[in-house]
Amino acid sequence: MPFVALSLPDSPTGAAPTELAALLLAIAPRVAIATEERLAWLDGRGLDAVALAQRALAVLAEHAIPSSRAAIAGVPIVAAIAVRTASDRLTQIPAGQERAWLASRPLTVLDPPGRLEHLLTSVGITSCGGFAALDHTAVEVRFGREGLDCWHLARAQDPRPIFGARPRELPTASLDWTEFATADLERLVFVLNALLGTVCTALTTTGLGARALALTLSLEGGTQLTAPVGAARPTADRRTWLRLVRRALERITLDDRVAGIALQVTAASQPPSRQGDLFDAGFASATAAERAVADVLDLQHDAMVEARRTVDLLPERRVRWGAEQEMSFSPAAVHDHAGDAALALTLLPAPREITVRTRPRRGFAVPVRYLDNGTALPLREALGPQCLSGHQWEMAFAREYYQAVRADGTLVLLFRDGARDHWYLAGWWD
Amino acid sequence: MTAAPALDLRELLAKRFPDAVPLPARRDGGISTGLAPLDRILPNGGLPRGRPTLWSTPGAGATALLSQACRAVTQAGMRAAWIDTLHQLGPGWCDGPVVFRPRTPLLALRFAEILAASGGFALVVLHGVAADRTTFFRLSRAVHEGGGAFAMVSDAALPAALRLRSRYVLDRFEWARTPFGDPAVVRQAAVAVDATASGWNAHTVLSLPVISHAVRCALPPGLADRRGAD
């Protein structure tokens, strides 16, 4: 007998609906106020519904609503009709007797639309029991959708959700400190590690993996800074989240010192099924790859890099390697890379100065051999020069590049710095 | 489960998921390099799983061929990792494998051990580290544990299961010449690859295009250059 319906006066003389809900929440776990129907609903599941209703009536009486009545039923429509029509202060419909109780009531208690009521009356149906006895198909064919809805109510079938879905409680953890404040990254990470332990344990016990966290930093000045942190896959792995949270923390610019940290799981779902392990080579290893990368990043947080290409003239400035922001471990991240193998230029981290012997060719000094780390390396061919100059307002350069083939076949890139008249080895093709 | 039902189940799964790669198949066979001539000379048609491969001649096409192998791996839906110890990858690098840049050679070896032992990467390439024998044995154990392919580019003499050597074929360079007849740019080069394993060796020659280092008037990437052929 889960539903307790309480009637409210048409013109409330006492508490407002919100105040009323607050009063009733003190005695019932869930409360809903239906202002149009002038009803208050209490969730009596698992409780002594009669005692609950009596306490509710007493509470209402204390707050200037002495005329309120209560009804207890397992079906909302029955409880609502009972509280409106019964003369007793407390009406209880036994479990399983709802349809029988409703059968003797006139059809008007269901508030059917006027047209439907006229149709039903014209064929001699005036009670809920009479309407409920009709066949489903006959009702649907003759009275349409609204007739069918009313027919279900007449049969004490009312599946409407009186109480909203209970929001899922996602794990959260927070720590505030008042005696000091800090902006030191390592100290914050230390605290976050402990908070993540709480959050990840809570996730593990519920069998969930977090997809997103909200990291909230309470600053000394009283303001709060919230940063979302997302993961490629739902996970409850503490080390993975510590890596992601640390990376998010590194990107935040703090205006003030931190006096508190809170972590709230904002999205969680079941970890992906490992059924694919048997079949899909890429899918199978997602967890293992993620853990391995997390271990690598624990050793060096900026170890995973991605190329960011520029259009600079100088080869060494044409690509910059920056820390990769995020790696997706799902097969969707696999790109279709076209193209066959090709010899590409690999560059020394910084051009290395070399000693070069040259010969003249069409006004340029073309290298014929060079000395690198004490080794003399003759050149079969030197192609070029490609004369480059630029960056006049920053670091002006004027270079003559030669693509040279060494005697062992290695393709190397040499250049002469025109400003200093020095030769450098830039890299080689590999 | 006896053998017959297991075989029936395997057959049923193969029919139901024709594109799937059964787990046992991942242990058998090699990791294809994406280059048919190279796969033909390698045992099991590719880089061996669970055993290290040593490319003992850096600077003669090793990067080009192994990066192609990495791309072939990613195209097959698996993962590949490239450890760039010497920070030498240049502007011609094509995305494909996950690239790691360790600060020190020791970290590079540690990365290689973690990635190879994880089993999450079908191919791990360690470029530019001169490991000693003890370290190499330790890496070999990690590779065996992970079951993926592992290639190390180093000129150190190490006892790898498969050793590859490459060199340029001097008389097979293709040049583009200037109007004066001087060589202007190398278009293509031939690389000879020798593969050696215990009691077995093979040889092949591959022609590889050479990506030019020159930028033609610094066109933004993605725009077509419509100013005539080079």
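Colleague: How many residues of chain B are in contact with chain A?
Modeller: In this predicted model, 66 residues of chain B are in contact with 56 residues of chain A.

Colleague: Which elements of chain B give two or more residues to that side?
Modeller: They include the helices H2 (23-27), H4 (62-75) and H5 (105-118) of chain B, and also strands such as E3 (98-100) and E8 (183-197) of chain B. H4(B) gives the most, with eight residues.

Colleague: How do the residues on the side of chain B that touches chain A divide into nonpolar, polar and charged?
Modeller: On that side of chain B, 42 are nonpolar, 16 are polar and eight are charged.

Colleague: In what sense do strand E10 of chain A and E3(B) pair?
Modeller: Strand E10 (residues 304-309) of chain A and E3(B) pair in the antiparallel sense, over two bridges. Val305(A) stands opposite Val99(B) there.

Colleague: Turning to H8 of chain A, which of its residues are buried?
Modeller: Leu188(A), Leu192(A), Leu195(A), Leu196(A), Val199(A), Cys200(A) and Leu203(A) are buried in H8(A). They lie on the same side of H8(A), because they cover an arc of only 145 degrees around the axis.

Colleague: And what covers the buried residues of H8(A)?
Modeller: The cover includes strands E6 (172-176), E7 (209-219) and E9 (258-269) of chain A, together with helix H9 (238-251) of chain A.

Colleague: Which exposed residues are on the face turned away from the buried side of H8(A)?
Modeller: That face carries Glu186(A), Arg187(A), Phe190(A), Ala194(A) and Thr205(A).

Colleague: What follows H8(A)?
Modeller: Gly207(A) follows H8(A), and the phi of Gly207(A) is positive, near 70 degrees.

How values were computed: Residues are numbered from 1 along each chain as its sequence is written. Chains are lettered from A and ligands numbered from 1 in the order in which they are written. This is a predicted model: local features need pLDDT of at least 70, side-chain atom pairs count only at pLDDT 80 or more; totals for chains, interfaces and linings use all residues. A residue is buried if 20 or more other C-beta atoms lie within 10 Å of its own, exposed if 12 or fewer, and partly exposed in between; C-beta atoms are placed from the backbone. Helices (H or I, at least four residues) and strands (E, at least two) are DSSP runs, numbered from the N terminus. The arc is that of the directions from the helix axis to the C-beta atoms. Two residues are in contact if their C-beta atoms, placed from the backbone, lie within 7 Å. Ala, Val, Leu, Ile, Met, Phe, Trp, Tyr, Cys and Pro count as nonpolar, Asp, Glu, Lys and Arg as charged, and the others, Gly among them, as polar. Two strands pair if DSSP finds at least two bridges between them.
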